Structure formats: C-alpha cells, structure tokens
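Visitor: I have just opened this structure and would like to learn how to read it. Could you guide me through some of its features?

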Amino acid sequence: MFFVLLSVLCSVAVSVLLKLARRWRIDVGQAIAWNYVATSALTALLLQPSPAGLRGAGVPWLALVALGILLPTIFLALAAAVRHAGIVRSDAAQRLSLLLSLLAAFVLFGEQLSAFKLGGIALGLLALLCMVWRSGHAPTNEGVAGWLYPLLVFACFGVIDILFKRVAIAGVALGTSLQAMFALALLVAFAMQLWRRARGTTRFTARSAIAGLLLGLANFGNILFYLRGHRALPQHPALVFASMNIGVVALGALVGLLLFRERLSRLNLAGVALAAVAIGVLARG
C-alpha cells in the first residue's frame, strides 16, 4: 500500500500542474509531449533498462503499444469531454472507469470475490459518486458529442488501468517495460504537436518545455509507483485499482479545497470520509 500512496501523491501533483497551466500560460499539449522526454530520461538513468529484455517471447507488445498510444491521446479525449459535456460529467466518467478495472480484476486476473471486497467496492463507488457530484447544471452541448466523449474517457481510463496490470504481471523488467511505453508515447505526443505546428495552431515555447519536464517528473513517479504497487500485491489487483482511484479523488478534493479554495458541498466532504473507510475495508479484505 505504500507504493500506492506514493502513486496517489504523484498523480495529484500532475493534476495540480495541469490546473496551473492556463494561469502560467503553458501549452498543455506541448507540456504533455515534453513530459515524455523527462519520463524516458528518468527511466534510462534510474532504472537502467536492458533492450535485451524486449526480445523474449513473453513481452506484452500489444499492451505496450496500446499504452504508448493511449497515454498521450487520452488527454485529448478528456479535453473534448470537458468542452462538450462539462466538467462534472467528464470527471465522473474518468473516476467511474474504476468499474472496468475492478471487473477485470475478477474476470481477467482471477481474483476471488469476498464479502469484504464486495463491501469495500460498494463503499468506494458510493464515495466516488459523492465526491464528483456537483450541485447545479453546467452548460453542455447537445447531441452525440455530449455523451460520446464522456463514454470514451470512461472506456480509455479503464483500459489503461487494465493494460498496466497486464504489463506488471508479464514478467518483463520494470525499467524495460517503462522505457518501451514512454518511448512510444513520446513519438505519438511529438507527432501530434508537429502536426499542430504545421497547421499553425501552436508554436513551441521554452515555458511549456520546462513545465513539461516538471510534469514528467511527477508522471514518472505516478506510473513507477503504481506498477510497483501491482507487483507488491500481485494477488490483489482490485485493492490496487480501488485504492488508487479513490485515493486520487479524495486527496484531489482536499488539495482543491486547501490550495485552490474550491468549494466542496457537505456531500463532497462526506465522500472524502467515506473513501477512507472504503480503502480500509478493501485492505482488510
């Protein structure tokens, strides 16, 4: 659980940096691209991956390639969901992707369902609903986009969690698997930014590059500790899935309240407390 806690802290740090991007006049697309320069460099320096580890028969290439594509592009889907469906529905879609992760834990990875786990999952989902609920209705665009993009966010975040678990149990050295997915994500991210530059919709700036390197530091810690959490608890993927998602929402809510003075309703605060109870129940299970 210690690795999961570190992953939660890094994940919230990523969200804080992204939230500050507009205030600091940072191009988020460029920052995301530069972040993979940092993650690739940190992986090479700290984990010293061996290319030979990618030549075996058990390398999960399908999962690695899928992550290389999904990691940078999911931000585009999330931005589109916010634009067409509003922040509330988009946030709920992202966090409720936990449903897909937990379903995979029992269907694909053979975890046994117990009363404690079932109760913890139920409490966790209730906590998530309480924490993402907002009073009132944000203006949204009608039509297919209003539900298509949130559905895409829901599916993609769930698939990413499942792919991380697939990579973690494949037996490939951690540094080698991380270097492969980060290198692929770097190529995809910069290809998107070069396409934007060719269309004249952006120009590269040092400010965005520096912010991206800082973002990469937090992102590297998030993914590294998340994968180590799965390896430390190989028989309990549901615990890792649930603790990560619930922990990020709970800590994010507190950071928003204390650092950004975001208002939380009583229902939101009840959700934060309920999240702590859910994690405790899951840990006992």
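Guide: Gladly, and let us begin with a term: a salt bridge is a side-chain nitrogen of Lys or Arg within 4 Å of a carboxyl oxygen of Asp or Glu. Side chains of opposite charge can pair when their charged atoms come close. Before the case itself, please note that this is a predicted model, in which local features need pLDDT of at least 70, side-chain atom pairs count only at pLDDT 80 or more, and totals for chains, interfaces and linings use all residues. Residues are numbered from 1 along each chain as its sequence is written, and side-chain values use heavy atoms, with hydrogens and water left out.

Visitor: Which residue forms a salt bridge with Asp27?

Guide: Arg196 does, and the closest N and O atoms of the two are 3.1 Å apart. By this rule the count comes to one salt bridge. The pair joins distant parts of the chain, 169 residues apart: Asp27 sits in the loop between helix 1 (2-20) and helix 2, and Arg196 is in helix 8. Helices here are DSSP runs (H or I, at least four residues), as are strands (E, at least two), numbered from the N terminus.

Visitor: At what angle do helix 2 and helix 8 pack?

Guide: Axes are lines fitted to C-alpha atoms, for helices over the stretch in contact, and angles run from 0 to 180 degrees between N-to-C directions. Helix 2 (residues 28-47) and helix 8 (residues 174-198) pack at about 155°, with axes 8 Å apart. That makes helix 2 roughly antiparallel to helix 8; angles under 35 degrees count as roughly parallel, over 145 as roughly antiparallel, 65 to 115 as roughly perpendicular and the rest as oblique.

Visitor: Which residues make the contact between helix 2 and helix 8?

Guide: Contact means heavy atoms within 4.5 Å. Among the residues making it are Trp34 and Tyr36 of helix 2, with Phe182 and Arg196 of helix 8. By class, this contact of helix 2 with helix 8 has 13 nonpolar, eight polar and one charged residues. Ala, Val, Leu, Ile, Met, Phe, Trp, Tyr, Cys and Pro count as nonpolar, Asp, Glu, Lys and Arg as charged, and the others, Gly among them, as polar.

Visitor: How are helix 8 and helix 9 placed, oblique or roughly antiparallel?

Guide: The axes of helix 8 and helix 9 (residues 206-232) come within 12 Å and cross at roughly 135°, so the two helices are oblique to each other. Their contact includes Leu174 and Phe182 of helix 8 and Phe220 and Arg231 of helix 9. It divides into seven nonpolar, one polar and two charged residues.

Visitor: What about helix 1 and helix 9?

Guide: Their axes come within 8 Å and cross at roughly 155°. Helix 1 and helix 9 are therefore roughly antiparallel to each other. Among the residues that meet are Phe3 and Cys10 in helix 1, and Phe225 and Tyr226 in helix 9.
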